[in-house]
Amino acid sequence: MKKKVLSVLLSATMLTGLLAGCGSDGGAQTSENTADNTQTQTDAAADTNTDAAAETKEDETQTDAAATDANAGDAAGEAVTLKWAIWDKDTTPYWNALKEAYEAANPNVTLEMVDLGSADYMTVLATELSGSGSDFDVVTIKDVPGYATLVSKNTLEPLDSYISAAGIDLSQYGGVDKQVTVDGSLYELPFRNDFWVVFYNKDIFDAAGVDYPTNDMTFEEYDALARQVADPTFGSQIYGTHYHTWRSAVQLFGVLDGQHSILDGEYDFFKPYYEMVLNQENDQICRNYADLSAEGLHYSAAFSSGDVAMMNMGSWYISTLISSLANGEYDSSLCGNWGLVKYPHADGVEAGSTLGTITGLAVTSVSANKDAAFAFVEWVSGAEGAKVMAETGNFPALMNDEVAGIIAGLEGFPTDEASKEALSVSNLYLEVPYAENVSQINDILDTYHKSIMNQEVTIDEGIASMNEEVGKVLGQ
């Protein structure tokens with residue numbers, strides 16, 4: 001299913017938040033291990049909406065009226081405190097930036113951030129919300145499997161009536177909202193978006209006398225280019241491309257057509273991509289998976305070493321790359337001359353089709369301040385919140401001309417037009433669409449990905465096992 005164009009640009013002030021890496025390992029791998037690590041309207045609209053909600057309830061019972069008074073505290077100018085669940089408060093710049101900006105615009109609102117840590121955030125959050133004493137008003141949704149768990153436990157408030165009353169245009173999120181809609185209802189609004197691109201080392205291509213990759217490469221062209229620039233000579237080896245050990249680095253090539261997803265239950269469409277990568281590995285075009293796993297080589301170390309021509313990776317790495325070059329952690333003579341292009345694609349698939357992960361905000365079903373909580377969610381996921389996200393060096397889910405203009409003076413981002421164009425996405429598909437059993441499916445696909453890449457089983461055997469085991473889950 002094709003999504004509307006989502007033009008994504010990087011902030012001109014990215015360096016202010018870069019040492020946090022934008023959750024660099026983080027946002028990316030929500031699909032692999034549910035967090036190997038994630039997007040607003042104006043204040044006036046938020047206030048108007050909560051006023052309307054309060055007026056609608058004036059004639060209800062005394063109990064409902066009391067509840068309305070509590071919920072509409074923000075709109076009425078009464079002091080209200082919203083308890084907000086987050087992770088990594090001290091190392092993620094946008095949490096405090098969003099809090100300060102919203103409180104400045106809404107002086108009667110106090111945001112109380114509760115840091116639940118990042119490693120097991122969604123598990124801890126589910127436990128908190130399942131407890132009788134939970135008093136969170138707003139919770140941050142880190143990944144789709146965790147979202148599925150919270151929805152199934154009835155801990156999140158459906159947002160449809162709020163969205164309708166506020167007149168929010170969901171198309172501004174490029175169709176991502178449809179991929180997390182549950183039985184016709186939406187329980188979160190996205191405020192951050194990360195997506196996959198191809199990073200490349202211009203110096204390697206220049207030295208080889210090979211043209212740079214382009215924003216419209218088929219997989220055949222991408223494979224040929226990697227082979228053309230690679231040099232297997234021992235001691236001066238150059239890898240034409242690099243794949244991190246996450247299954248998404250290989251499997252998700254297959255979902256770019258919009259016809260398949262990891263929820264299908266039949267995974268024969270993975271085969272040509274496993275064949276391409278394993279053939280590259282056997283021909284020393286890319287590093288060996290088994291060696292990468294054993295050594296624990298991080299993708300950032302691979303690219304910054306200066307012997308990798310291309311690497312498919314998420315947009316979160318842009319900020320890490322810029323900051324690490326700026327502070328001298330990376331040797332600029334090895335990887336300082338870099339660029340971006342869009343993901344390669346199969347024949348017949350539109351250039352700019354890519355994979356993404358989102359981070360969203362939700363209102364809890366137990367909140368005593370639901371109207372005020374939604375007003376905050378609406379603001380963060382709309383235009384004002386998007387501007388704050390961009391100013392801290394992160395990719396908001398919503399882009400407009402004002403937010404795009406922030407990038408004008410960006411220092412460290414490639415100046416070539418192709419790299420700027422690479423940030424324009426035509427079709428954005430979630431790495432992990434919503435499903436109640438998505439965690440089980442993830443585990444199965446990950447297990448057999450490892451088996452295939454370690455060459456413990458053949459591609460056909462591994463895919464047959466995926467089909468069988470996921471088929472059992474889907475048949476439950």
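Start with D223, which is buried, at a relative accessible area of 19%. The cut-off for buried is under 20%, so D223 falls on the buried side of it at 19%. Before I go further, please keep in mind that this is a predicted model.

What does D223 pair with? R227 forms a salt bridge with D223, and the closest N and O atoms are 3.3 Å apart. Both sit in helix 11, residues 219-229, and because they are 4 residues apart there, about one helical turn separates them. As a general point, an α-helix has 3.6 residues a turn, so residues three or four places apart point the same way. R227 itself is partly exposed, with a relative accessible area of 31%, whereas D223 is buried.

K387 forms a salt bridge with E384, with 3.8 Å between the closest N and O atoms. These two are 3 residues apart in helix 19, residues 383-391, so again about one helical turn lies between them. E384 is partly exposed, at a relative accessible area of 25%.

The side chains of D194 and R192 meet in a salt bridge, at 2.8 Å from N to O.

On to helix 18, residues 370-380. This helix is mostly covered, and 11 of its 11 residues are buried.

V377 is located in helix 18 and is buried, with a relative accessible area of 0%. Which residues does V377 touch, if we leave aside its neighbours within four places in sequence? V377 is in contact with V138, L189, L361, A362 and V363. Its C-alpha is also 8.6 Å from that of E188, although V377 and E188 are 189 residues apart in sequence.

Next, strand 12, residues 427-430. As background, in a regular strand the side chains alternate between the two faces of the sheet. For strand 12, both faces are covered. N427 and Y429 are buried on one side, and L428 and L430 are buried on the other. What does strand 12 pair with? Its partner is strand 10, residues 353-363, and the two pair in the parallel sense over 4 bridges. One specific link is between T354 and L428, the latter being the bridge partner in strand 12.

Last, the cysteines. How many disulfides does the structure hold? The count is 0. C286 is buried, with a relative accessible area of 3%, and C335 counts as buried at 1% relative accessibility.

That is everything I have. I can go back to any of these residues on the screen.

How values were computed:
Residues are numbered from 1 along each chain as its sequence is written. This is a predicted model: local features need pLDDT of at least 70, side-chain atom pairs count only at pLDDT 80 or more; totals for chains, interfaces and linings use all residues. Side-chain values use heavy atoms; hydrogens and water are left out. A salt bridge is a side-chain nitrogen of Lys or Arg within 4 Å of a carboxyl oxygen of Asp or Glu. Buried means under 20% relative accessible area, exposed over 50%, partly exposed in between (1.4 Å probe, protein chains only). Contact means heavy atoms within 4.5 Å. Two strands pair if DSSP finds at least two bridges between them. A disulfide is a pair of cysteine sulfur atoms within 2.5 Å.
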